[in-house]
Amino acid sequence: MNDNQIEHQKSLFIEYLQIEKNVSSLTVTNYKEDLTHFLKFLQAESIDSLQQVDYAVIRVYLSMLHDQQLSRRSISRKLSCLRSFYRFLEREKLVEANPFLNIRMPKTQNPIPQFFYEEELKYLFEVSDVTTPLGKRNQALIELLYGTGMRVSECEQLNIEDIDFSLSTLLVRGKGRKERYVPFGQFAFEALNDYLNNGRSNLSSHKTEGSHRVFLNARGGPLTARGIRTILSKMVEDAALTVDIHPHKLRHTFATHLLNEGADLRSVQELLGHEHLSSTQIYTHVTKDRLRHVYMNSHPRANK
């Protein structure tokens, strides 16, 4: 295999994703990993060029993925990446055809998203020591994540100038660098205001002077996504909760609670920054389960 030529084609595709498609950095990382995985497979099979890939080669590759016990979701992601890659190569006349066009994606079953019940959230909101700078930051962090449904990557990149206290809204930069405005409530308003005015300056250092990131770590640097996950895990531990937590669980909780209280699906879609309504519809499964539970426990003739 001409490694230099293949790597050049791979680089052209990554540039296309970043510049023309304007995809997120996480998507670029995933595509790089998927492409590297596939190219190593071709090398092991002594396939010298991308032009040689056909239906038979793809079936061998899929068989290998199944042998590695990858989930259907992971296999679908890899196939989607390779289909896009070959579509790009075909457009640039680097291959004659896209061999992935007629490959069926494995059916995936979307898991019902996990969420917090209000009683569990109550303990999380009471665990931070809001007399300390770090406690003020942690309180603002969890109030904002739950109060807006932001992704952890969006929270990580939030700048001070993105906050409009007069309208209680945030300018959020989502996937594909798409921007949206998201409102936040009184609890988040007070926690964020307290942190910015009475806590953040105690965390900042000369190294980060001029930094516009809202959330800082204990050393004064910008708080990373990994740091946010660590903070939330510690809050669960301090609250003596026996539940798993990840920032996306707060996002799931935000959406579920809105729908449970009667919010329409389109509004929740816009607040979450979902491009397609189908991404938001997964939360209706949760609310249907809740409705069934309420009915079975409340209707006089639901049970004997």
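E154 touches V172, R173, G174, K175 and R180, leaving aside residues up to four places away in sequence; a contact here means heavy atoms within 4.5 Å. The model is predicted, and local features need pLDDT of at least 70, side-chain atom pairs count only at pLDDT 80 or more, and totals for chains, interfaces and linings use all residues. Residues are numbered from 1 along each chain as its sequence is written, and side-chain values use heavy atoms, with hydrogens and water left out.

E154 belongs to helix α7 (residues 152-156). Helices (H or I, at least four residues) and strands (E, at least two) are DSSP runs, numbered from the N terminus. Because its relative accessible area is 3%, E154 is buried; the term buried covers values under 20%, exposed those over 50%, and partly exposed those in between, with a 1.4 Å probe and protein chains only. The side chains of E154 and R151 are joined by a polar contact of 2.5 Å. Such a contact is a pair of N or O atoms within 3.5 Å; within protein, one must be able to donate a hydrogen and the other to accept it, and residues adjacent in sequence count only if both atoms are side-chain atoms. From C-alpha to C-alpha, E154 and R177 are 9.9 Å apart in space, and they are 23 residues apart in sequence.

V172, one of the residues that E154 touches, stands opposite R180 in β3. Three strands form an open, antiparallel sheet in the order β1-β2-β3, where strands pair if DSSP finds at least two bridges between them. The table lists the strands.

| Strand | Residues | Pairing |
|---|---|---|
| β1 | 163-164 | edge strand, pairs on one side only |
| β2 | 169-173 | antiparallel with β3, five bridges |
| β3 | 179-183 | edge strand, pairs on one side only |

Aromatic rings form another topic. The whole structure holds 16 aromatic pairs. The rings of F85 and Y86 have centres 5.8 Å apart and planes at 75 degrees, so this pair is edge-to-face. Rings of Phe, Tyr and Trp (its six-membered ring) pair if their centres lie within 6.5 Å; planes under 30 degrees apart count as stacked, over 60 as edge-to-face and the rest as tilted. Both F85 and Y86 are buried, and they belong to a cluster linked by ring pairs, whose members include F13, Y16 and F100.

The chain has 13 helices and three strands, and 42% of its 304 residues count as buried. Its average pLDDT, the predictor's confidence in each residue from 0 to 100, is 84. Confidence is lowest in helix α13 (residues 277-298), at a mean of 69, and highest in helix α8 (residues 186-198), at 95. Where pLDDT is low, the predicted coordinates should not be read in detail.
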